[in-house]
Amino acid sequence: MRHARRTARRITRLAAVGGLLCGSLLVTRAIANEPGASGPPVPVGERLVAQLGAARTAGSWLGADGRTVVAVTDAGAAADVRRAGARAEVVRHSMRDLRSAAATLRAAPRVSGTAWSMDYGSNEVVVRADSTVSAGDWSRLAGVARTIGASVRMERTRGTFTTRVDGASPIFASGGRCSAGFDVTDGKAAFLLTAGHCGPVGTTWFARPGDATALGTTVSGTFPGNDFSLVRYDDGVPRAQSDVVAIGGGRGVRITGAADPVVGQRVFRSGSTTGLHSGRVTGLNATVNYPEGTVTGLVQTTVCAEPGDSGGPLFADGLALGLTSGGNGNCDAGGTTFFQPVGAAMTALGVRLTGTSGDDDAEAGAGSGQPRPGGDVAPSAPPAGSEAGAPSEGGTGTGVGTGTNMGGATDTGNGTASGTGTGADTGPVAAISRVVNTRSVGPGLLVIGGSLIALVAARSMRSSRRGRGAW
């Protein structure tokens with residue numbers, strides 16, 4: 001009898017210890033999966049493409065209804081996508097096929113005035129040639145496309161593919177005019193991020209033509225290949241409201257972080273020539289053969305741009321997305337514009353956006369009254385839950401980060417913009433609630449609690465038996 005009770009107590013203790021371990025694991029996983037615990041959540045389309053692999057998928061995009069669509073090559077992958085809550089579209093060519101086609105095009109003799117990108121919706125690599133491409137070059141490129149097969153489509157386009165030199169405020173150099181992109185820092189000094197083709201290392205920039213005092217000097221950059229450069233402010237001090245990009249009319253948009261764009265996403269671009277315009281992302285990893293050289297890894301959009309807009313910011317939902325590189329057309333007839341992804345640029349340069357988490361320099365210029373390049377002074381405090389929208393576009397939006405949103409808010413005529421949106425809570429109570437979320441950590445806490453009770457009960461039984469001489 002005594003042996004049976006001893007065995008029961010051992011089993012209870014072992015079960016309690018196992019419960020503690022399991023409960024701790026559940027709580028750890030729940031906290032790790034909380035929004036914001038390890039950065040912004042990965043979009044469902046990107047996550048599914050990574051999980052299923054390049055042989056079974058061919059990209060993802062946002063449908064007209066805002067729902068994620070994932071291109072897949074087999075029924076099993078389609079079922080996995082549907083279980084994840086996205087829409088599946090079975091296609092012929094995998095991402096591996098599309099990448100192979102693009103690699104073959106890159107290996108062919110370079111033809112200035114051509115560009116190509118992966119069109120996930122049509123499941124093709126679309127090659128476009130502008131008006132400068134001769135009949136002979138077009139014929140040779142078409143021959144390369146025929147050797148690749150049905151995964152490539154050839155198109156002629158109007159105008160010419162050019163860089164946009166001549167933010168979103170203007171910056172001036174002896175070689176022309178560009179637009180300011182985003183203010184960044186390496187934790188020690190203040191810099192301006194803009195397009196690489198705007199000027200080589202050593203280029204001196206001014207806020208206005210004829211200024212005696214320089215704004216800054218280009219200290220690093222890449223073009224062609226990539227299209228980004230870093231301008232160090234001569235005074236080393238971040239501009240006032242350095243986390244705001246100007247969109248004209250004394251208005252600004254607060255930038256709370258950086259992200260990679262998604263095909264189908266509505267985006268906004270600001271530039272010193274044409275101001276604020278919107279469009280949609282139509283392709284990623286685009287290659288453009290400018291007259292000056294080839295640039296790869298670009299974002300393709302329907303947003304218009306004109307000379308002088310180069311380097312200006314591409315953004316959405318308060319997130320920095322890219323820097324204006326080049327394209328064709330204009331803002332009267334429309335056209336295609338390509339952007340350097342801002343995340344890749346910052347990683348290569350070893351910098352981060354000013355005013356974001358971990359930036360100790362963000363407050364240095366706040367309240368100093370220093371103008372941003374070109375003389376535009378960003379609003380001192382854009383209203384929470386509002387952001388300037390594109391002209392003549394009204395609507396509502398959902399807030400991100402500090403409450404900034406991008407939903408086409410309407411201009412009120414007083415230098416601000418109005419719109420509806422909900423911002424994320426940022427106070428200490430909200431921070432605690434995000435970590436201690438009973439809906440996510442509750443099961444683990446219950447298991448831990450039950451295990452502790454079992455341990456206490458087993459020990460009490462042991463003490464009781466010892467007092468009676470049974471142990």
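**Close-up 1. The right-handed disulfide of C304 and C331.** With 95° about the S-S bond, the link between C304 and C331 is right-handed, and the S to S distance of this disulfide is 2.1 Å, where a disulfide is taken as a pair of cysteine sulfur atoms within 2.5 Å. The pair links distant parts of the chain, 27 residues apart, with C304 in the loop between β20 (293–301) and β21 (313–316) and C331 in the loop between β22 (319–327) and β23 (337–341); helices (H or I, at least four residues) and strands (E, at least two) are DSSP runs, numbered from the N terminus. C304 is buried, with a relative accessible area of 9%, whereas C331 is partly exposed, with a relative accessible area of 21%; buried means under 20% relative accessible area, exposed over 50%, and partly exposed in between (1.4 Å probe, protein chains only). The model is a predicted one, in which local features need pLDDT of at least 70 and side-chain atom pairs count only at pLDDT 80 or more, while totals for chains, interfaces and linings use all residues. Residues are numbered from 1 along each chain as its sequence is written, and side-chain values use heavy atoms, with hydrogens and water left out.

**Close-up 2. The left-handed disulfide of C178 and C198.** The structure holds two disulfides, and the one shown here joins C178 and C198, whose sulfur atoms are 2.0 Å apart. This link has -100° about the S-S bond and is left-handed. C178 lies in strand β9 (residues 176–179) and C198 in the loop between β11 (190–194) and β12 (204–205), so the pair ties together parts that are 20 residues apart in sequence. C178 counts as buried at 0% relative accessibility, and C198 is buried too, with a relative accessible area of 11%. When the bonded cysteines of the protein are numbered in sequence order, the pairing reads 1-2, 3-4.

Close-up 3. In helix α3 (residues 75–83), the buried residues are A77, A78 and V81. They cover an arc of only 105° around the axis, which puts them on the same side of α3; the arc is that of the directions from the helix axis to the C-beta atoms. On the other side of α3, the exposed residues are A75, R82 and R83. The cover over the buried residues of α3 includes α2 (44–52), β2 (68–72) and β3 (87–90), with contact meaning heavy atoms within 4.5 Å.

**Close-up 4. The two ends of α3.** At the N-terminal end, D74 caps α3, with a side-chain oxygen 3.0 Å from the backbone nitrogen of G76. Just after α3, G85 takes a positive phi of about 95°.

Close-up 5. β1 and β2 pair in the antiparallel sense over four bridges, and T57 has V72 in β2 as its bridge partner.

Conventions: A polar contact is a pair of N or O atoms within 3.5 Å; within protein, one must be able to donate a hydrogen and the other to accept it, and residues adjacent in sequence count only if both atoms are side-chain atoms. Two strands pair if DSSP finds at least two bridges between them.
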